[in-house]
Amino acid sequence: MASNGNNVAKAKYESKMPPFYYKPTFLDCQLLREQWIRAKYERKEFIHSEKQEPYSAGYREGFLWKRGRDNGQFLSRKFVLSEREGALKYFNKNDAKEPKAIMKIEHLNATFQPAKIGNPHGLQITYLKDNSTRNIFVYHEDGKEIVDWFNAIRAARFHYLQVAFPGASDVDLVPKLSRNYLKEGYMEKTGPKQTEGFKKRWFTMDDRRLMYFKDPLDAFARGEVFIGSKENSYKVLEGLPPSTQGNHWQHGITIVTPDRKFLFACETEDDQLEWITTFQKVISRPMLPQEYAVEAHFKHKP
């Protein structure tokens with residue numbers, strides 16, 4: 001750094017960095033930051049492109065520890081990522097002919113969640129099953145291995161999107177490769193009649209999907225709410241309607257959609273402010289054409 005300066009060093013050590021490779025910021029977990037430094041300076045992966053094969057070959061297989069859906073135990077499972085097949089699959093037995101799950105690259109997301117999973121290498125993978133979000137939680141003892149899996153998923157998404165949107169630039173596609181959640185945490189909620197008692201649930205704001213779970217590590221959400229834009233009559237209000245009863249927490253939020261109101265309560269004023277700020281950011285963003293199709297599906301959910 002002292003002899004070359006930052007720009008010269010960057011030009012050298014990032015000269016062959018693939019556009020899909022995730023470059024962490026100070027907000028990212030320790031693992032991503034450490035592996036970025038090791039990849040760049042120790043392994044010199046972005047000088048020697050042949051060292052990028054583990055995540056850029058278009059095919060990857062190996063074993064990850066996966067959390068059981070019902071018992072919470074982590075068991076070793078074989079995973080196969082194939083760009084040619086357009087899917088990530090995992091198998092319950094090494095010699096199984098049929099995969100336990102097929103996750104289409106089109107709907108795949110991966111985000112590191114060390115605190116939630118209780119492991120510094122914990123990765124949450126989500127995909128759509130029957131248009132509902134399904135979570136799986138995995139880790140690998142080796143930090144390089146799990147970060148290579150993460151970047152292999154991003155590479156597969158990148159190549160899928162290049163085909164799906166042939167005119168798009170790398171700058172347009174890279175933000176779509178993986179998403180960190182806008183916010184997560186506990187709130188209380190009540191049902192559609194707003195006469196039932198409030199129940200404490202774990203909420204995840206993933207782009208325009210607000211999902212709620214009984215437990216943060218549940219495989220499936222108990223419910224999902226689509227949050228559109230202000231132009232489409234969505235809004236967020238501080239507080240609850242005057243007649244509301246049954247909430248233990250006092251800091252209310254009302255989300256108004258074209259169809260109904262959703263009532264939530266937060267434990268603290270700080271939580272309430274953070275959630276309102278998050279919802280307002282989503283609502284102030286105009287909807288994309290493909291998001292109207294997602295909204296229509298939510299309206300017709302049984």
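**View 1. Arg 38 and Glu 34 pair up in a salt bridge.** In this predicted model, the closest N and O atoms of Arg 38 and Glu 34 sit 2.9 Å apart. Why can these two find each other? Both belong to helix α2, which covers residues 30-42, and being 4 residues apart there puts about one helical turn between them. Neither side of the pair is hidden away: Arg 38 is partly exposed at 31% relative accessible area, and Glu 34 is partly exposed too, at 30%. The structure holds 17 salt bridges, and a couple of others turn up in the views below.

**View 2. Helix α2 has a buried side.** Look along α2 for its buried residues, which are Leu 31, Leu 32, Gln 35, Trp 36, Ala 39 and Lys 40. They take up an arc of only 145 degrees around the axis, and that places them on the same side of α2. As for length, the 13 residues of α2 should span 18 Å at 1.5 Å a residue, and the end C-alpha atoms are 17 Å apart, which agrees. Just past the helix comes Lys 44, with a positive phi of about 50 degrees.

**View 3. Helix α2 crosses helix α5.** What do the buried residues of α2 pack against? Their partners are α1 (6-13), β5 (109-112) and α5 (143-164). This close-up picks out α5. The axes of α2 and α5 come within 10 Å and cross at roughly 95 degrees. Angles of 65 to 115 degrees count as roughly perpendicular, so that is how α2 and α5 lie to each other. On the α2 side of the contact are Leu 31, Leu 32 and Gln 35. From α5 they meet Gly 143, Lys 144, Ile 146, Val 147 and Phe 150.

**View 4. Arg 208 and Glu 291 form a buried salt bridge.** Here the closest N and O atoms of Arg 208 and Glu 291 are 2.9 Å apart. Arg 208 lies in the loop between β9 (199-206) and β10 (209-213), while Glu 291 is in helix α8 (residues 289-299), so the pair ties together parts that are 83 residues apart in sequence. Buried or exposed? Arg 208 is buried, and Glu 291 is as well.

**View 5. Asp 207 has a positive phi without being a glycine.** The value for Asp 207 is about 60 degrees. You'll find Asp 207 in the loop between β9 and β10, and with a relative accessible area of 29% this residue is partly exposed.

**View 6. Ser 233 is another non-glycine residue with a positive phi.** Its phi is about 70 degrees. Ser 233 sits in the loop between β11 (223-226) and β12 (235-238), where a relative accessibility of 47% makes this serine partly exposed.

**View 7. Arg 69 and Asp 70 meet through their side chains.** The contact is a salt bridge, with 3.6 Å from N to O. Asp 70 is exposed, at 70% relative accessibility, whereas Arg 69 counts as partly exposed at 49%. The cut-off for exposed is over 50%, so Arg 69 stays in the partly exposed class.

Note on methods: Residues numbered from 1 in each chain as written. Predicted model: local features only at pLDDT ≥ 70, side-chain atom pairs only at ≥ 80, totals over all residues. Heavy atoms only, no water. Salt bridge = Lys/Arg side-chain N within 4 Å of Asp/Glu carboxyl O. Helix = DSSP H or I, 4+ residues; strand = E, 2+ residues; numbered from the N terminus. Buried < 20%, exposed > 50% of the residue type's maximum accessible area, 1.4 Å probe, protein only. Expected span 1.5 Å × (residues − 1). Arc of directions from axis to C-beta. Contact = heavy atoms within 4.5 Å. Axes fitted to C-alpha atoms, helices over the stretch in contact; angles between N-to-C directions. Parallel < 35°, antiparallel > 145°, perpendicular 65-115°, else oblique.
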